[in-house]
Amino acid sequence: MIRGVALAIVLATFGSSSSLAASTDGTFWVHIMAADGTPLPDACVEIYADAGNSTPGAFRDGHCDKDDGARDGTIVLAVPVGAYVLVETVAPTGYDLPTTGTPRQIEAGETQDVIIENTPIGGPTGPATPRPEAETSPGPASGDFEGRVDIGGRSLFLNCTGSGEPTVLLEAGGPGLTSDSWAVVQPDIARVARTCSYDRAFLGKSDPAPEGPRTIENSVNDLHALLTAAGIKCPCVFVGASWGGAIVRLYADRFPDDVGGVVFVDAIPPGFVEQFRSLVKDDTPESQRLLGVDGYEHVDQLSSLQMADEAAPPAGVPALVLTHGRDLGFDVSLPGNQLETAWRDAQVAYANALGARLIVAGKSGSDLVQEQPDVVVAGITYIVASARSPETSSGTIRVHTTADDGTGLAGACYEIYDDAGNGEAGTYRGGACDNEDGAIDGTVVFVIGPGSYFLREAQSPQGYDPGDDATATVRAGSVVDVLVVNRRSTATPVP
């Protein structure tokens, strides 16, 4: 079972109930009850560090009634010594959620019973009838909307704020994270465009899905059904964090006409799962925990990630890849350094495959959204602008100067022209040298509007002849890499 804020197959601190249980010092037995003491099944509870004054701080873990194999109204949460706030996130059918969290402190070796009382919908004396949710409320297609939408016999919770096209769809991480994980950034994004987050099946305020293991294909189909039922007009900008990035990748393959732009926020990149399996044996507890089926969303994670890896990259749309700059916090039993290298290499490779800009958030580790929300907001805003005005939004050309053996050569300068066709330069658009992007590394960068361009090496590295002319086509928000090979000069050196 996995409950990481920014990752699906990475163990962050307290990110897995299995790793948590191995190092615990106390246990809460949480009993969900009616006022008369009757146990109420099917609730879910999350536990947070107490940030003071009984305010929830950092997320620690979460479980539902059925997780221990019995629907008996009791949820078991094992935690280290400390002060916590317990928050009921899914209420039993016919009952309202408590309006406040429940503060508790646990000591070493202690087993503590916690009773959370639920009130029937309609008040203490009201009937325990199903709550009237937002499937009957107007407005999911436009304007602010918070409620549940019927997708065909079951409902998913949807939260939309702001206005303006294209709509931004926020896909949470996990498996197991809800729309609440976007709360720190959604208000700011909503100032730019209508922004929607939602809870996948089994999570938050959404209904469970039919019994049986699911794959990422089910998640993709649920999302498409939600957008259709809510009347949300696409193309949309899809933003996927961690596990949500895999869902976005597969969604773009299955429903390409819906996708007007993509942002991957430290998302699980293509190929990483196989790198993980090459470094961590399949039969180890760590692999079973991280790639198994028994999680909050009942998703077969291994087959789902393999399915996402087979998806074609989103084509012809603005794209951005954000990744962390610090360590993710792999479990000490795992080869952390090798996994970090594999993760970062895969992020670079996917950015290149997308023709996307890659931004490394240097202050972030396992939770980019929470640790550097400003970077996330800026990245999404940039892609929204690119999707909104593709004819004017800039792209990037990176010209790499190398020797025959692929070694980077520093010190070149290039001129850029409109491409007049037939290998001819058209209107001059500017020039740039290697050191102008802040690094003398053999790469010359042009930020320029969409179009087709002609590149000519105006100054070659010392001891080398200029390489051949090159062309590049740029679209809004894209990054295009151009390789120019220089050969050693045959001219007689000047004494």
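Reply: Two strands pair if DSSP finds at least two bridges between them. Helices (H or I, at least four residues) and strands (E, at least two) are DSSP runs, numbered from the N terminus. In this predicted model, four strands form an open antiparallel sheet in the order 18-17-20-22. Its edge strands, each pairing on one side only, are strand 18 (424-433) and strand 22 (470-474).

Me: Over how many bridges do strand 17 and strand 20 pair?

Reply: Strands of a sheet pair through backbone hydrogen bonds, either parallel or antiparallel. Strand 17 (residues 413-421) and strand 20 (residues 451-459) pair in the antiparallel sense over six bridges. Tyr-417 has Phe-454 in strand 20 as its bridge partner.

Me: In what order do the eight strands of the open sheet with mixed pairing run?

Reply: The order is 8-9-11-10-12-13-14-15. Strand 8 (145-150) and strand 15 (357-361) are the edges, each pairing on one side only. Within this sheet, strand 13 (residues 259-265) and strand 14 (residues 319-324) pair in the parallel sense over four bridges, and Phe-264 stands opposite Val-321 in strand 14. Helix 4 packs on the sheet, touching strand 10 (168-171), strand 12 (236-241) and strand 13; contact means heavy atoms within 4.5 Å.

Me: How is the packing of helix 4 and helix 7 described?

Reply: Two packed helices are described by the angle between their axes and the distance between the axes. Axes are lines fitted to C-alpha atoms, for helices over the stretch in contact, and angles run from 0 to 180 degrees between N-to-C directions. The axes of helix 4 (residues 243-254) and helix 7 (residues 301-309) come within 9 Å and cross at roughly 45°. Helix 4 is therefore oblique to helix 7; angles under 35 degrees count as roughly parallel, over 145 as roughly antiparallel, 65 to 115 as roughly perpendicular and the rest as oblique.

Me: Which residues of helix 4 make the contact?

Reply: They are Trp-243, Ala-246, Arg-249, Leu-250 and Arg-254. Helix 7 contributes Gln-301, Ser-304, Leu-305, Met-307, Ala-308 and Asp-309.

Note on methods. Residues numbered from 1 in each chain as written. Predicted model: local features only at pLDDT ≥ 70, side-chain atom pairs only at ≥ 80, totals over all residues. Heavy atoms only, no water.
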